[in-house]
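Please look through the sequence and the structure shown below before reading on.

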2 protein chains.
Amino acid sequence: MRVGLLQLNPVICDFKGNCEKIFQAAQMAFEAGADFCVTPELAVIGYPPDDLILREDILVQCVHSVKDLAIRTKNFGPLLVGTPWRSGPDSTRLYNAACLLADGRIDKVFSKTLLPEYDVFYEKRYFASAQNPGVFEFMGRKIGVTICEDVWNDPDFWGQTGVDGQPVRSLCAEGAQMIINLSASPFSVGKHRLIKAMLGSLSAKYNVDLLFCNQVGGFDDLVFSGRSMAFDAHGRLTASALEFAEDVLVVDTKNPEKNRLSAHDLSSSSEIWQALVLGTADYVRKSGFNNVLVGLSGGLDSSVTAAVAVQALGCEQVTGVLMPSPYSSPGSIEHSLELAANLGIKTHTLPISELMQAYDLILAPIFKDYQPDVTEENIQARIRANLLMAMSNKQGKMLLATGNKSEMAVGYSTIYGDMAGGLAVLADVAKTSVYKLADWLNKTKNKPFIPREIIAKPPSAELRPGQMDRDTLPEYEILDPILSLYIEKGSSFNEICALGHDPDLVQKIMYMVDRAEFKRSQAPPGIRITEKAFGRGRRMPLTAKCVHDRSTADS
Amino acid sequence: MRVGLLQLNPVICDFKGNCEKIFQAAQMAFEAGADFCVTPELAVIGYPPDDLILREDILVQCVHSVKDLAIRTKNFGPLLVGTPWRSGPDSTRLYNAACLLADGRIDKVFSKTLLPEYDVFYEKRYFASAQNPGVFEFMGRKIGVTICEDVWNDPDFWGQTGVDGQPVRSLCAEGAQMIINLSASPFSVGKHRLIKAMLGSLSAKYNVDLLFCNQVGGFDDLVFSGRSMAFDAHGRLTASALEFAEDVLVVDTKNPEKNRLSAHDLSSSSEIWQALVLGTADYVRKSGFNNVLVGLSGGLDSSVTAAVAVQALGCEQVTGVLMPSPYSSPGSIEHSLELAANLGIKTHTLPISELMQAYDLILAPIFKDYQPDVTEENIQARIRANLLMAMSNKQGKMLLATGNKSEMAVGYSTIYGDMAGGLAVLADVAKTSVYKLADWLNKTKNKPFIPREIIAKPPSAELRPGQMDRDTLPEYEILDPILSLYIEKGSSFNEICALGHDPDLVQKIMYMVDRAEFKRSQAPPGIRITEKAFGRGRRMPLTAKCVHDRSTADS
């Protein structure tokens with residue numbers, strides 16, 4: 001049997017566009033010999049639609065879209081399409097479903113059993129759990145339908161109990177010889193290896209073919225990497241689709257040697273780079289923009305952000321803005337211009353000294369009894385944001401924020417200043433990872449890309465004379481592992497200290513992270529590349545009291 | 001039997017402070033003759049703790065706090081205290097529970113059955129559903145324990161089917177003669193009437209005493225109004241606690257005539273006023289601030305925001321900042337100063353003309369081929385934000401944003417400009433409600449409060465010569481009902497038009513609301529006073545395509 005996996009990049013609620021994509025991809029697959037085709041999870045509306053699917057009119061459009069697709073694909077083979085679905089006209093229950101379209105009508109409807117309600121997932125807010133496992137027969141084979149999370153709780157793989165049910169086991173007990181999985185599984189670094197191991201283990205355990213059709217594209221803060229796959233009944237990978245791009249992969253389950261196995265570059269930096277590029281391209285374009293602005297400081301973060309933007313949108317679409325102050329090093333201009341030349345982007349230079357003086361003057365009567373402090377630094381950052389946003393408003397270009405995850409974590413950033421923008425490209429990339437990414441970029445590209453001086457110089461916000469990040473923060477090599485433990489692993493004070501980190505430093509860092517919650521709550525979306533990003537998957541109170549020390553943790 | 005309802009205002013994760021409050025309140029209640037006492041839902045940690053309760057160390061502190069409370073209240077009567085609770089050491093299941101403390105130990109643990117997962121609630125993200133209804137015997141009576149949502153799905157009251165179970169029915173089937181409800185039920189205008197009717201109906205239906213102990217206070221964007229209540233077995237209200245304040249209410253179920261019935265002022269404006277005052281006071285103080293800044297424009301929103309701040313924090317703690325531009329009307333200064341005098345707050349005046357000129361000058365080369373547009377208006381708003389934030393940073397005062405819900409809805413506001421602040425006091429109050437509130441305030445206060453000129457003049461942002469809100473927006477009397485239907489009721493284009501609203505206008509407004517999603521995603525928290533606020537209860541994609549017109553809605 002030949003199954004077409006339609007690895008598509010929908011736009012949330014663009015029913016017409018999404019269905020046209022499904023139709024075209026299905027046509028291509030059937031022309032290439034597919035017997036039936038599968039879309040990713042919720043392909044008709046795109047994943048995740050969030051609270052939009054609480055709207056009656058949106059659900060009506062989902063139903064119309066699916067019915068319309070059924071009619072349009074009447075002369076194709078069967079098509080399994082992901083969509084929200086209610087079980088009947090009187091029911092208030094909504095399911096995360098897959099409709100089997102055949103002969104111009106909706107032949108069967110299957111639903112998701114396991115509804116994830118953790119991290120970035122909120123599916124119990126919207127969906128009811130499937131009541132019955134879904135198996136259908138086609139070309140003499142029994143095919144079991146699962147949706148994303150349904151394949152994610154095999155106790156033999158995870159070492160857990162699978163208390164919420166094991167859909168694959170149920171389907172195989174019903175006689176399924178092939179498992180289809182419609183997915184929208186968000187990317188994070190290294191996760192693809194896990195998915196591959198997990199699906200291979202599952203297909204071998206149940207002795208079934210397993211086909212995984214994943215969404216691709218950027219969806220606000222989430223990126224989906226595609227890389228749809230097929231496994232044979234021995235758990236061997238027999239086919240795989242492109243990474244970070246749309247693809248139509250026809251899988252021949254009988255003659256697996258005919259299948260395409262796309263090569264996947266799984267180095268961390270390569271994965272991060274591709275995720276940032278796709279995430280940026282889709283965020284900007286799906287927001288209705290074509291052009292972006294990046295404030296160039298001569299530092300690493302703004303350089304890498306500009307490089308991502310150029311790869312995502314093209315150099316003609318990216319403008320660099322240099323806004324030197326009296327505290328800017330000579331290198332800040334020189335290195336920025338070198339970077340801009342390397343990237344082929346145009347720049348503007350707007351010195352801000354006079355604006356700084358104007359603010360100082362107007363605030364002098366109020367500030368006369370106060371010493372200079374971080375306030376004056378924030379004023380500079382906010383002057384720059386005002387200039388950038390003015391250009392954004394006037395020219396219709398989206399401003400990209402350049403802050404990295406380490407800064408965002410400890411609040412080493414100015415709200416309404418350098419945090420301003422439509423998208424924070426590096427918000428989930430720790431500073432040490434930004435360094436690795438820059439090195440990888442320079443190695444990968446065959447021309448000078450990020451100037452070596454930018455990578456070599458010690459990080460500085462250049463907001464006061466001689467300022468260095470290390471005056472305020474620990475070295476990033478020390479900071480980042482602690483941040484990763486606290487934020488990504490959810491480790492406690494005691495657990496982090498037990499790994500040998502300095503308790504005073506750990507306490508200070510945890511306190512800084514907690515105190516910056518209000519800033520992050522007003523930050524632009526970032527592109528999630530780790531297991532735990534700031535944003536939709538991390539819901540924190542702003543007015544909580546959080547104490548991290550031995551006295552409370554041990555009490 | 002006499003039951004002490006401990007209507008408390010905890011701080012999220014302030015275990016020591018929260019337990020001290022519970023102890024003191026319990027002591028007071030037992031001294032006043034209570035036989036046993038009850039706290040609100042999750043009183044040990046405060047509601048909602050959000051993702052903090054995913055942390056192991058936080059859960060450990062909950063357990064320690066409850067055990068410690070048990071020991072400290074050893075000589076009191078039984079105490080039913082709300083806390084997260086795991087069913088056993090090996091279990092990964094967490095419950096939203098009530099621990100019955102008696103004789104220095106945890107005697108029994110009851111759990112919540114119905115876990116809300118809609119609007120502002122995300123309880124299925126954290127909790128498992130109770131397996132067994134909880135009844136205990138005390139002084140010869142069987143008492144059934146419910147938690148918040150557990151009393152919210154009686155099919156006879158709601159006309160629904162109660163498919164997820166009916167905890168009260170189950171408890172009464174087990175012989176419960178009294179129902180206790182530990183609640184943290186967020187305030188919205190008019191909801192208290194509903195709660196009263198619902199609880200009265202339930203107690204009459206099952207012929208049981210029903211005691212409702214509700215949290216009070218501001219928790220980020222949520223306000224809880226307290227107003228704990230007791231109903232007799234005929235559904236009659238026999239006792240009620242204070243509104244928008246902590247209280248200890250001892251309810252005598254045998255001699256209800258001895259109970260206190262606090263008078264509740266249920267006018268909409270009064271409820272909104274009290275919610276905004278409590279929400280502001282708690283947000284500012286729980287964030288560690290005592291003082292606030294308000295930019296005074298001479299308009300209604302900033303005037304009402306300043307009035308709320310004065311009531312919440314005291315006039316000494318509020319500073320008004322006037323930042324006139326060449327486009328400011330003479331009234332903007334005069335009326336602001338009159339307001340400040342009425343409120344007894346100090347002011348600073350910082351004219352921004354020179355800063356505007358400095359920005360114009362620096363941007364002139366880039367903007368030379370463009371016409372003036374909204375960009376120049378945004379620059380002014382962002383200059384003001386920079387000045388206000390500089391004062392905030394320098395003086396440790398929280399900036400309050402002044403925008404109303406109508407503006408926030410249609411995006412008639414400047415991101416990083418007038419939207420800047422730690423808290424947006426009026427973000428859930430429609431402009432027409434702000435007018436009503438101002439009129440109510442002036443009627444209620446026995447001195448001049450909001451100057452009449454401020455209420456009388458047509459709304460204007462004063463960002464260009466002669467600008468009026470009505471040049472860009474429909475009159476608020478027309479706009480607000482459409483916004484309410486779309487945002488609060490979730491009505492579709494067709495449904496709104498069917499009520500007689502102009503289809504072109506409806507389409508335009510829906511489009512404006514959709515387009516402003518990215519701005520709201522970076523807004524400070526507002527104080528929720530309606531059934532549907534922007535913020536935690538409304539999760540919307542930023543890159544969705546949303547079309548509202550007949551062609552799609554009817555297709």
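How many residues has helix H2 (residues 56–72) of chain B, and how far does it reach from its first C-alpha to its last? Helix H2 of chain B has 17 residues and reaches 24 Å from its first C-alpha to its last, close to the 24 Å expected at 1.5 Å a residue. The expected span of a helix is 1.5 Å times one less than its number of residues.

This is a predicted model, in which local features need pLDDT of at least 70 and side-chain atom pairs count only at pLDDT 80 or more, while totals for chains, interfaces and linings use all residues. Residues are numbered from 1 along each chain as its sequence is written, and chains are lettered from A and ligands numbered from 1 in the order in which they are written.

**Helices**

- Helices (H or I, at least four residues) and strands (E, at least two) are DSSP runs, numbered from the N terminus.
- In H2(B), the buried residues are Ile58(B), Gln61(B), Cys62(B), Ser65(B), Val66(B), Leu69(B) and Ala70(B).
- A residue is buried if 20 or more other C-beta atoms lie within 10 Å of its own, exposed if 12 or fewer, and partly exposed in between, with C-beta atoms placed from the backbone.
- An α-helix has 3.6 residues a turn, so residues three or four places apart point the same way.
- Helix H6 (residues 268–286) of chain A has 19 residues and spans 26 Å from its first C-alpha to its last, close to the 27 Å expected at 1.5 Å a residue.
- H6(A) is mostly covered, as 15 of its 19 residues are buried.
- After H6(A) comes Gly288(A), whose phi is positive, near 90°.

**The surroundings of Val223(A)**

- Val223(A) belongs to strand S11 (residues 222–225) of chain A.
- Val223(A) counts as buried because it has 28 C-beta neighbours inside 10 Å.
- Beyond its neighbours within four places in sequence, Val223(A) is in contact with residues including Pro186(A), Phe187(A), Ala275(A), Leu278(A) and Ile527(A).
- Two residues are in contact if their C-beta atoms, placed from the backbone, lie within 7 Å.
- Val223(A) and Ile527(A) are 304 residues apart in sequence, but their C-alpha atoms are 7.1 Å apart in space.

**A mixed sheet in chain A**

- An open sheet of 6 strands in chain A has the order S6-S7-S8-S9-S12-S13, with mixed pairing.
- Its edge strands are S6 (134–138) and S13 (237–240) of chain A, each pairing on one side only.
- The twist averages 20° from one strand to the next.
- Two strands pair if DSSP finds at least two bridges between them.
- S6(A) and strand S7 (residues 141–147) of chain A pair in the antiparallel sense over 5 bridges, and Gly134(A) stands opposite Val145(A) in S7(A).

**Strand S8 of chain B**

- Strand S8 (residues 178–183) of chain B is largely enclosed by the rest of the structure, because 6 of its 6 residues are buried.
- Met178(B), Ile180(B) and Leu182(B) point one way from S8(B), whereas Ile179(B), Asn181(B) and Ser183(B) point the other way.
- In a regular strand the side chains alternate between the two faces of the sheet.
- S8(B) runs parallel to strand S7 (residues 141–147) of chain B, joined by 5 bridges, and the bridge partner of Val145(B) in S8(B) is Ile180(B).
- S8(B) also runs parallel to strand S9 (residues 209–214) of chain B, joined by 6 bridges, and Asn181(B) stands opposite Phe212(B) in S9(B).

**The two chains together**

- Chain A can be laid on chain B with an RMSD of 0.0 Å by a turn of 180° and a shift of 0.0 Å along the axis, which is the relation of a two-fold axis.
- Copies are superposed by least squares on the C-alpha atoms of residues with pLDDT of at least 70 in both.
- In chain A, the C-alpha nearest the axis is that of Gln522(A), 2.1 Å from it.
- In all, 72 residues of chain A are in contact with 73 residues of chain B.
- H10(A) gives the largest share of the side of chain A that touches chain B, 14 residues.

Definitions and conventions:
Axes fitted to C-alpha atoms, helices over the stretch in contact; angles between N-to-C directions.
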